[in-house]
Each structure stands twice: as C-alpha cells, then as structure tokens.
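This report describes a sheet, a helix and some aromatic rings. Please look at the sequence and the structure before reading on.

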Amino acid sequence: MGKNVEQTGKKDIAGFIEERNGVFTTLSDAIWDEPETAFAETNAASALSRALETFGFSVERGIGGLSTAFCGTFSTGGGPVVGFLGEYDALFNMSQKPGATKKEEIVSGGCGHGCGHNLLGVASLAAAAAVVEFMKKSGKGGTVKYFGCPGEEGGSGKAFMAKEGVFDGLDAAITWHPSPINSVVHLGTLANYQVLYKFKGVSAHAAGAPHLGRSALDAAELMNVGVNFLREHVPSDARFHYAITNSGGRSPNVVQAEAGVLYLIRAPKLEGVEDIYRRINKIAQGAAMMTETEVEIVFVKACANVIPNNAISECLYENLKAVGLPRYTEEELRLARGIRESLPHLSQDLETFSNLSGRALAEEIALLKDKVLCDKVVTYDPGLPER
C-alpha cells in the first residue's frame with residue numbers, strides 16, 4: 001500500500017468513528033446503565049450484536065458453548081483474517097451513577113462497570129466497523145471478525161472460547177483496555193487458575209452443644225492460614241489471592257456448617273500454577289482433616305500466560321502516534337479533575353507502570369503524575385516483563 005493511500009485510509013477510519021460518535025456513546029451508555037456480571041451479560045451481548053448487524057456484519061450468537069458470547073463477521077474474500085475482541089461484563093458491588101466523581105450507588109451493593117468495560121466492547125466494535133467501511137471503499141480484500149467475549153472479570157470467557165476453537169483461522173487479534181496512560185504495552189501476563197474450595201461441616205448451637213458441631217468456617221480459616229505460610233516456599237514471582245465467598249451465616253452462636261473460599265493462583269507458566277495448585281489442595285484437605293469436615297474442590301477456570309507479539313505492538317504504536325489524541329472539552333477536563341481528586345491512589349497506578357518499565361520510560365511516566373489526563377502517547381517499550 002502506498003504511503004498516500006495508507007494515510008488516507010487512517011484518516012477515513014478516524015473520520016468514520018468521529019462521525020458516529022453519538023451512536024457509539026449511546027451504546028456504551030446503555031451498557032453502563034444495565035451492568036451485568038460474568039456470563040450473565042444478556043442485554044450487553046444483544047445490544048452489541050444488533051449494532052454489528054447495522055454495520056453489515058453477520059452475527060452468530062451463543063458461540064463456544066457460552067450464551068453471551070458471539071461473533072460478527074464481514075468478509076470480502078481473500079486477504080488476512082483479523083479479529084477484534086470486545087468485553088462488556090461488570091463487577092460486583094460497583095454500582096455507580098454516571099458522571100459522578102465520587103462513590104454514588106444507584107443500587108445498594110449492585111454491580112457496575114469498574115474497569116471501563118462499557119467502553120471496551122463498544123470501542124472495539126467501532127474499530128471493527130471502521131475497518132469494514134474502509135474495505136468497502138478501498139476494495140481491499142480480507143475478513144474482519146468481532147468477538148464478543150463474556151466473563152473477563154474472573155470468568156475467563158476467552159479461554160473457554162479458545163478451547164472450543166472459536167479463534168481458529170485468525171491471522172491476528174487486537175484488543176485494548178482503559179488505562180491511566182495512552183500507550184501500547186508490550187506486557188506478558190501470568191498463567192492462572194481459579195478454584196473454589198467448599199467446606200461442609202455439622203451445625204450445632206455454639207454455646208449449648210458446641211461439641212456436636214464441626215465448623216466449616218474453622219476449616220476455611222485454617223486453610224487460609226496454611227496457604228499464607230506457603231508463600232515463603234514458592235517462587236517469588238508466583239501469586240495467590242483469596243476471597244471468602246461463604247462464611248456460613250451471620251449468627252455467631254451457631255457452628256457454621258458450610259463455608260467457601262475462592263482462590264486465584266498465578267505463576268509465569270502453567271506448570272508452575274499446577275504445582276502450587278496441588279500444594280494448596282493438600283492444605284485444604286489438611287484443614288478438613290483437622291476440623292473433621294469435608295472439602296469439595298471446584299476447578300473454575302484456567303488461563304495460560306500471554307506471550308506478547310512485538311510486530312503487532314510496534315504497528316499499533318506507530319498508528320496511535322499517527323492518529324493522535326483527542327482534544328478534551330472544558331467539561332470533560334472538569335469531570336476528569338473531579339475524578340482525579342477522588343482517587344489519591346492514581347499516582348500509585350502510574351508508579352506500577354514505572355516499575356514495569358526501563359529507567360527512561362519510568363521517568364517519562366513520572367512526569368504525568370500531576371496531570372489531570374495523560375496528554376501524550378507514551379513511548380513504546382518492548383522490554384516490559386510478565387506480570
């Protein structure tokens with residue numbers, strides 16, 4: 001492709017998205033207004049699927065055995081097959097009024113979009129639709145696929161989709177995620193397992209007949225203590241975290257007959273995760289033996305470590321520089337300033353990026369700490385480690 005044609009194509013793509021800004025904003029607002037957690041994103045999946053069809057995609061719903069996964073396809077034949085990945089699931093206890101700069105729940109304890117997933121799936125759709133429009137005008141051959149990927153927040157929907165062969169035949173796939181900085185990040189990710197440990201005991205009155213009870217909550221707590229002692233005896237780049245998902249009840253005068261704890265186990269490679277998983281299983285079984293309870297181990301999901309693609313990352317970086325950053329209105333800057341003032345930890349987020357970077361890039365990121373919004377494209381660094 002000649003340089004003039006290439007530059008014209010980039011302008012056409014950017015212009016297409018800008019002209020339909022209202023369409024994409026309305027769609028992202030609709031997803032924000034009806035947040036849905038992992039694998040329950042019925043409304044979001046439906047709205048995104050309908051939008052794809054208006055842009056000329058044929059849509060297959062319920063792919064990979066997941067009711068809220070889908071794929072939109074547009075093809076002119078020949079050429080590469082390129083995928084765009086979209087996510088749209090929400091998080092528990094993140095209900096929030098739109099435009100508010102501090103915590104203001106719409107539904108007490110309700111779910112909400114804490115990581116910009118209302119934007120994530122829509123922006124990927126905008127990119128896919130813009131490329132299709134360019135293909136129509138330029139006559140370029142190829143296939144564009146948009147994959148609706150549910151359950152990113154703790155469910156790893158893409159892993160189940162990959163297992164079912166949904167991504168077979170792709171030459172490349174592209175995604176993005178909201179961030180404090182404008183950047184293309186060459187960053188691998190740790191492999192991980194998510195596992196639920198369910199303990200079952202015997203209920204009894206904690207004062208009248210405690211000797212008859214067998215506390216599942218005791219077992220869960222003993223397991224967590226044992227796992228915390230394990231931290232000293234695993235590689236330093238391994239991680240494991242847990243949340244007690246079922247404490248058995250709210251009455252302290254009852255021996256709790258059930259309890260559950262959800263673990264996320266991470267390591268650089270899958271074999272490292274597997275080793276730690278087996279050791280944690282033994283700790284859980286030991287806790288059950290100590291308390292004369294039973295434990296059920298429910299394997300929830302697994303993800304292999306991501307290996308970055310330097311060629312695609314460099315291409316994305318050059319195009320990000322070419323397109324440039326948006327110009328923010330005074331209203332947008334005021335909103336950003338209010339959000340920034342309510343997030344004193346944001347400088348720590350920037351510090352995290354700095355710690356993952358080389359010295360020169362760390363110094364570049366450090367200059368952003370007093371800014372309301374990142375006003376530059378941060379230099380691409382292909383040397384970032386796994387995390």
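## Buried or exposed

A residue is called buried if its relative accessible area is under 20%, exposed if that area is over 50%, and partly exposed in between. The model discussed here is predicted.

Phe167 has a relative accessibility of 19%, so Phe167 counts as buried. Phe147 has a relative accessible area of 1% and is buried as well.

Five strands form an open sheet with mixed pairing, in the order 1-2-4-3-5. Strand 1 (58-61) and strand 5 (172-174) are the edge strands, and each pairs on one side only. On average, neighbouring strands are turned by 20 degrees against each other, direction ignored.

Strand 3 (residues 81-86) and strand 5 run parallel and are joined by three bridges.

Helix 4 (residues 117-138) lies across strand 2 (70-77), strand 3 and strand 4 (142-148). The angle between helix 4 and strand 4 is about 165 degrees.

## Aromatic rings

A pair of aromatic rings is described by the distance of the centres and the angle of the planes. The count of aromatic pairs in this model is 13. In the pair of Phe147 and Phe167, the ring centres are 4.9 Å apart and the planes stand at 65 degrees, so this pair is edge-to-face. Phe147 belongs to strand 4, while Phe167 sits in the loop between helix 5 (157-163) and strand 5, so the pair ties together parts that are 20 residues apart in sequence.

Elsewhere, one aromatic cluster is formed by Phe16, Phe24 and Phe55.

Key: Residues are numbered from 1 along each chain as its sequence is written. This is a predicted model: local features need pLDDT of at least 70, side-chain atom pairs count only at pLDDT 80 or more; totals for chains, interfaces and linings use all residues. Side-chain values use heavy atoms; hydrogens and water are left out. Two strands pair if DSSP finds at least two bridges between them. Helices (H or I, at least four residues) and strands (E, at least two) are DSSP runs, numbered from the N terminus. Axes are lines fitted to C-alpha atoms, for helices over the stretch in contact, and angles run from 0 to 180 degrees between N-to-C directions. Contact means heavy atoms within 4.5 Å. Rings of Phe, Tyr and Trp (its six-membered ring) pair if their centres lie within 6.5 Å; planes under 30 degrees apart count as stacked, over 60 as edge-to-face and the rest as tilted. Buried means under 20% relative accessible area, exposed over 50%, partly exposed in between (1.4 Å probe, protein chains only).
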